[in-house]
Amino acid sequence: MQSRPLPAARPGLVLSILLVICGWDEATCSPGEGRRIWQQPKLDPVAKEQAFLHDTFPSEFLWGSGTSAFQTEGAWLQEGKGPSVWDHFTHAHAGAAATASVASDSYNRWQEDIGALEYLGVRSYFFSLSWPRLFPDGNAGSQPNAAAVEHYRRLIERLLEKGIEPVVTLHHWDLPQVLQEQYGGWKNSSLVDLFDEYAAFCFHAFGSRVRFWLTLHNPYVVAVQGYGTGVHAPGETAGSPGSLMVAHNMIRAHAKAWHTYNSHFRSAQKGKVSIVLGSHWVEPQRGKATGANVELCQQSMEAVLGWFASPIFGDGDYPVSLKVKYGALLPTFTPEEKLWVQKTADFFALSFGPNSLRLGQDLVHYGQTVSPDLRRILGWINVEYGNPRVLVAEAGWFSEASVGREDTVAIYLMKSFINQVLQAIRFDGVKVFGYSAWSLVDGFEWNYAYTVRRGLFYVDFSNPNRTRTPKTSAQYYRRVVRDNGFPSDEASGPVTGHFPCDFHWGITDSAVQVKFFPFSPQFTDPLLYSWNLTGDGSLRPVPGVKLHTRPAQCTDYLAIRDHLRLFASTGASHYRFALNWSLILPHGDRSNVNTEALRYYRCVLTELQKLDLDAVVTLYYPTRRAPHLGMPGPLYDSGGWLNYSTVEAFQEYAALCYQELGPWVRYWITINEPNRLVDIYSGDKQMHGAAHNLLLAHAKAWRLYERDHSSQHSALVSLALHADWAEPANPFLESHTAAAQRFLLFELGRFLDPLLETREKQSKGGYPQEMKAYLEERARVSGLSESPLPTFTETEKAELRGAMSFIALNHYTTHLVSPYFHTSATSQQKSPDHGCMILSDPSWPSSGLGQTLVPWGLRKILNWVSRRYGRALPVIITASGIDDQSPVEDKLRQHYLKSYLQEALKAHKLDGVNLKGFYVWKLQDRHVPQFGLFTSTQHQSKAKASVAVYREIIARNGFPNEATVQTCRLRGLHESCAVCAWMFRNKALLVFGACLLITAVMLAALVFFVTVTKRHRGRRRRRRRRVPVCLCPYLSQ
């Protein structure tokens, strides 16, 4: 076939066309517009535009999957195929064990591949033609391999019969070895014409049945790793000069093939031609989009994607940053070539996967980070290259070969990538018209050979039949394709309604810090002071005079007043705080009782009572920060919760607290999160032993209150468990469902089953039967003589049974749970006692500390508890919150409160859960902005925006319909009153104002009195002057 030379130079025409192009497409002449992507406001994880999008793709969206010839075809010497550079490279460097000689055997099992496509329900198949199979000598001017031509014709015809669109790549890295040997491969410009001839043959032979052509696949990898570093075939290490020349020739080869199609085939075949370009994505240092950081990010993108995209989709030339970086090493395009290369693609085809992201790591400097954010790169392409139509021709990740068919992580990466594409379409206006999940079947993964896998279908490479089995990622992708995206779930919508009238609206804190000294010493200092006693103008004590003093009153502790002032302003009705066990009983027994600490706690409780607020008091709040886990030092030193004596010591401590503080407490929590405390113990035996004693300590404290104090004070007693929901990580595997159930039993059932009777009545007063059976089997497999789980005596069972007045749960987030499996990353780690691994969905929004925001998990955990233990006991969420780094406008926490309380309302209203309270963690930050509703005292204790959100929900007692009114009798719950709250916050100002008013009234009265008195006296004097005085007697005539 005749070679088509590049066009001759025409200077006048060049200028004319350039002006037309500039007027026609501003983006073409304004390179660098992609900088706007980093300059946009910081992503808000709870904004609608950033959260996981429940929506569908356009109706004609082209779902697909793909493979490449070398990776999957095998049959490397079958039916006249010639060797490729990759055949030579793998046989020369790795031996027969790591070659693609057979690979997935798709050349012979192509019908099975079509069956896999039908299983997925996709509308397109991305595959590449093998240049050395069609032309073993690499020369398309010679006779083609008839068997190869017939193979690809059969494949294309069968695809079309099945309603599957063939998307054909001409060259996916497998250059004929003969061209490498004769010409030096892509370093030689002769390959431009040779590739053009090969492309023209393919257009002619298959074009009538193919609508979408892709000339080259990710030429960046070929240029850099094939000819620069030598990691890929052909294994040359020519460095930057070699890579730059290869890239230049590949760009010209693509352009020439496009022009060939445009001139000779387009009018008849009506197809479209593009080139697949791969790229990473990079974010600036610490997310700070300064001008310098943005410029560095732009240069990083131009060094990979822009290297090829700028000539083809931009102004026909390389980015300026590459010219500056490489100088004379960078080949140049003539003015005519720029116009000739420019616009030689009918759509933008993107490859986004591990090959490009790995290479991007080498281009990260100055604190930048490579991020697998497909939405951001699509947005960058959109603004950088003038809103082209985009086809995601390759997207996916890899799994270790040991993962097999259960590729759970791949599911969530796929979910994230596809949803990012949907967001780019719906929110950013990117015209994406198709998506190919890579790859269809497991194959030879280039320099990683068979150590990693990327297929949706598992291929058993040890089986001569190369059996294809759908992985769980294939099942997931099938569902996405069937649903055309992620349609919204009706059950996920908001509901309206009220919570019960006696609902606890609470706030939870850890241990209240005890202040032993009152704010003012005026009632504790016995000295009398006099001003200027010695004539020096100072205040000095009067010698020899001492006054009687009184102890400090609760009102003298301004810290209490200020703290409760903040609490009252939220409108909440219940305040949960913890006592400090080690402070009250430093020695662990009653030989040394800190009466001042008890007095301070009593002050807190009495002040709460004055405000008509209820107290929920935690006896023991373990903390890892404390040197002794929050317990008295002597108890810790004697073994802590591994020693039964600590159980008895805790009962003694509880008795003291009930006695001293009981009249003011309506709810007691014996121990906070014992299921988290046991995590610090090493070894299964210690962990289960500590949990055992913690349960017994709670039961003894509960029985003590029931026996000695309940009739007098009628408080309710419980223990609070950390209760995050466990979702099966892989919804298609029963083993994951079982693991999630087992995780919940170890987390909650271990503590609740001995205390509460399950509906199935399986526990029989002890630990869950499933948990016991699992640990016994685990011990047997490990060669142990017995299970590490202790047993309760019959007396202990009786003491435990029913020792709970309400179910208290601390809920924050949801975890994905899978069975623990050993990989290269976990091979040195000991699996936890429940045999589960914790994962996270990257599409879930998360906080600065990494806590994921998953509202529906709250509803699920409430339903799980209600189903297992019935609805007789009320359930209270005794702590729930999220960290938010914003100092005042805490949008993440506002969203958290609204969404989590919505799920709580659904559980109560729709599911019938006996939910009686929700407590926010926590009242105030300690230092920097985190979980607090108020800033720290160093930051003036300012109310954050979430306070108003919480106050409004409390005032409305939920999310009522505007047309409905809830009528509640007067109750113990504190009603929010804006005027009252303002008056409480400004008591000092009001008192001062009242004093001023009284003084003014008294002065006015005094002035009035004086004025009236003076007037009265004046009238009396005037009357005396006007009366006539007769000095002589009246004489009659």
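How much accessible surface does the protein chain have, and what share of that surface belongs to carbon and sulfur atoms?

Reply: The model is a predicted one. The accessible surface of its protein chain is about 44900 Å², and carbon and sulfur atoms account for 55% of that area. The chain has 1037 residues, of which 55% are buried. Its secondary structure consists of 35 helices and 29 strands. Of the contacts between residues at least 6 apart in sequence, 78% connect residues at least 24 apart.

Rolling a probe the size of a water molecule over the atoms shows where empty space is left. In this model the count is 9 cavities of 30 Å³ or more.

The largest cavity holds about 160 Å³ of space. It is lined by 19 residues, and those closest to its centre are Trp397, Ala410, Met414, Trp438 and Arg454. Two elements give two or more residues to this lining: helix H18 (408-428) and strand E11 (431-438). Helix H18 gives the most, with 4 residues. By residue type, the lining of the largest cavity consists of 11 nonpolar, 4 polar and 4 charged residues.

The second largest cavity has a volume of about 100 Å³. There are 15 residues in its lining, and Thr67, Glu73, Ser106, Tyr125 and Leu155 are the ones nearest its centre. The elements that each give two or more residues here are helix H3 (69-72), helix H5 (110-120), strand E2 and helix H7 (146-161). This second lining divides into 7 nonpolar, 6 polar and 2 charged residues.

Strand E2 covers residues 124-128 and runs parallel to strand E3, with 5 bridges joining the two. In this pairing, Ser124 stands opposite Glu165 of E3. On E3 there is also a pairing with strand E4 (residues 212-217), again parallel, through 4 bridges.

To put the pieces in order: E2 contributes to the lining of the second largest cavity, E2 pairs with E3, and E3 pairs in turn with E4.

Methods: Residues are numbered from 1 along each chain as its sequence is written. This is a predicted model: local features need pLDDT of at least 70, side-chain atom pairs count only at pLDDT 80 or more; totals for chains, interfaces and linings use all residues. Side-chain values use heavy atoms; hydrogens and water are left out. Buried means under 20% relative accessible area, exposed over 50%, partly exposed in between (1.4 Å probe, protein chains only). Contact means heavy atoms within 4.5 Å. Accessible areas come from the Shrake-Rupley method with a 1.4 Å probe; for residues, only the protein chains shown count as cover. Two strands pair if DSSP finds at least two bridges between them. On a 1 Å grid over the protein atoms alone, a cavity is a set of points where a 1.4 Å probe fits but cannot get out, and a pocket is an open set with protein on both sides within 12 Å along at least five of seven lines; lining residues have an atom within 4 Å of a point. Grid points are joined across faces, edges and corners, and a volume is the space filled by probe spheres set on the points. Ala, Val, Leu, Ile, Met, Phe, Trp, Tyr, Cys and Pro count as nonpolar, Asp, Glu, Lys and Arg as charged, and the others, Gly among them, as polar.
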